[in-house]
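Subject: Structure handover

Hello,

The structure is below, with the sequence. My notes on it follow. Please read them with the model open.

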Amino acid sequence: MKAKVDQDVCIGCGLCPSIAPEVFEMRDDGKAHVIGDSVPAGSEDAARESVTSCPVDAISVE
Ligand code: F3S
């Protein structure tokens with residue numbers, strides 16, 4: 001599974017790293033970024049939850 005954050009849409013609310021800390025991290029630009037190339041095993045559910053929790057729908061997974 002891969003996760004993506006649309007940098008143009010993220011408002012830096014900080015929710016996704018708190019839901020899925022192994023998938024997303026906040027960086028100096030104040031936006032969430034995906035850690036690594038793919039979602040680690042065991043974090044898929046958290047990644048999916050982030051998709052539905054993001055207030056601006058900036059996250060997608062495939
Ligand atoms: Fe940004 Fe949405 Fe995460 S606004 S910080 S991508 S929950």
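**Around the ligand**

The ligand is surrounded by 13 residues, and the closest are Cys10, Ile11, Gly14, Cys16 and Cys54. By type, the shell holds 11 nonpolar residues, 2 polar and no charged. Here Ala, Val, Leu, Ile, Met, Phe, Trp, Tyr, Cys and Pro count as nonpolar, Asp, Glu, Lys and Arg as charged, and the others, Gly among them, as polar. The largest cavity is the space taken by the ligand. A cavity is a set of points, on a 1 Å grid over the protein atoms alone, where a 1.4 Å probe fits but cannot get out. A molecule sits in one if more than half of its atoms lie within 2 Å of its grid points.

**Basis of the values**

This is a predicted model, where local features need pLDDT of at least 70 and side-chain atom pairs count only at pLDDT 80 or more, while totals for chains, interfaces and linings use all residues. Residues are numbered from 1 along each chain as its sequence is written, and side-chain values use heavy atoms, with hydrogens and water left out.

**Overall fold**

The protein has 2 helices and 4 strands. Along the sequence they follow the pattern β-α-β-β-α-β. The radius of gyration is 10 Å, close to the 11 Å that the globule rule gives for 62 residues, so the protein is as compact as a globular protein of that length. That radius is taken over C-alpha atoms, and the rule is 2.2 Å times the number of residues to the power 0.38. Helices (H or I, at least four residues) and strands (E, at least two) are DSSP runs, numbered from the N terminus.

The C-alpha trace spans about 25 × 20 × 20 Å along its principal axes. Buried residues make up 31% of the 62 residues. Buried means under 20% relative accessible area, exposed over 50%, and partly exposed in between (1.4 Å probe, protein chains only). Contacts are heavy atoms within 4.5 Å. Among contacts between residues at least 6 apart in sequence, 53% join residues at least 24 apart.

**Phe24 and Ser50**

Phe24 is in strand β2. Its relative accessibility is 2%, so Phe24 counts as buried. Beyond its neighbours within four places in sequence, Phe24 is in contact with Ala3, Val5, Cys16, Pro17, His33, Val34, Ile35, Ser50 and Ile59. Phe24 and Cys13 are 11 residues apart in sequence, and 12 Å apart from C-alpha to C-alpha.

Ser50 sits in helix α2. Ser50 is buried too, with a relative accessible area of 1%. Its contacts, leaving aside neighbours within four places in sequence, are with Cys16, Ile19, Ala20, Phe24 and Ile59. The C-alpha atoms of Ser50 and Asp28 are separated by 20 Å, with the two residues 22 apart along the chain.

Glu25 lies in β2, which covers residues 24-26. At 30% relative accessibility, Glu25 counts as partly exposed. Not counting residues up to four places away in sequence, Glu25 touches Pro17, Lys31, Ala32, His33 and Ile35. Glu25 and Gln7 are 18 residues apart along the chain, and their C-alpha atoms are separated by 13 Å.

Ser43 touches Glu22 and Val23, not counting residues up to four places away in sequence.

Asp57 is in the loop between α2 (44-53) and β4 (59-61). Asp57 counts as exposed, at 59% relative accessibility. Its phi is near 55°, a positive value in a residue other than glycine. From C-alpha to C-alpha, Asp57 and Val39 are 18 Å apart, and 18 residues apart in sequence.

Best regards

How values were computed
A residue is near a molecule or strand if one of its heavy atoms lies within 4 Å of it. On a 1 Å grid over the protein atoms alone, a cavity is a set of points where a 1.4 Å probe fits but cannot get out, and a pocket is an open set with protein on both sides within 12 Å along at least five of seven lines; lining residues have an atom within 4 Å of a point.
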